[in-house]
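Dear colleague,

Please find the structure below. My notes on a few of its residues follow.

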Amino acid sequence: MPKEKGRKLIAQNRRARYDYHIDDTYEAGIVLTGTEVKSLRAGRASLIDGFAQVKDGEIWLENVHIPEYAQGTWTNHSAKRRRKLLLHREEIARLIGKTQESGRTLVPLSLYFSEGKAKVEIALARGKRTYDKRRDIAEREAKRDMERALRRRR
């Protein structure tokens, strides 16, 4: 069976880009069970409440909802279990140092298959304040209005 090429998106966390200032992104593998992979291949997952945290020198993905596989039996997984992320040792050390700075957290941005392997894109992020969110909305609307005006002039 040939391996898949490219990147097949499973789930995205659009809310994370609205709620956080994204400083840096990392691609990590995930340790999954067989029924979790089958459920992901069916395109079912939610990153809404997900976050990553450091425990004992390892990075764990928490609160990511991968529903139980419909045809699974007693081997099925629990939907919101903790999953280990696979990163290089240097990346883990860098993330441990940066998450200890105040106000920084690790949030999952997207979950996808890359060349047949499940990957998650995590971001080192700082929370936005309400006025930051309002400013971003105002800038986006101003840019949209300018583009509309330019299109009308043509």
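In these notes, buried means under 20% relative accessible area, exposed means over 50%, and partly exposed lies in between (1.4 Å probe, protein chains only). This is a predicted model, in which local features need pLDDT of at least 70, side-chain atom pairs count only at pLDDT 80 or more, and totals for chains, interfaces and linings use all residues. Residues are numbered from 1 along each chain as its sequence is written, and side-chain values use heavy atoms, with hydrogens and water left out.

I begin with K128. Its relative accessibility is 16%, so K128 counts as buried. K128 lies in the loop that joins strand 7 (117-127) to helix 4 (130-153); helices (H or I, at least four residues) and strands (E, at least two) are DSSP runs, numbered from the N terminus. Leaving aside residues up to four places away in sequence, K128 touches R17, Y18, D19, Y20, H21, K133 and D136, where contact means heavy atoms within 4.5 Å. With D136, the side chain of K128 also forms a side-chain polar contact at 2.3 Å. A polar contact is a pair of N or O atoms within 3.5 Å; within protein, one must be able to donate a hydrogen and the other to accept it, and residues adjacent in sequence count only if both atoms are side-chain atoms.

Helix 4 also holds R135, which is partly exposed at 43%.

Two loop residues deserve a separate note. D56, between strand 3 (51-55) and strand 4 (58-62), is not a glycine, yet has a positive phi of about 55°; D56 is exposed at 80% relative accessibility.

E115, between strand 6 (104-114) and strand 7, likewise has a positive phi, near 55°, in a residue other than glycine. At 46%, E115 is partly exposed.

With kind regards
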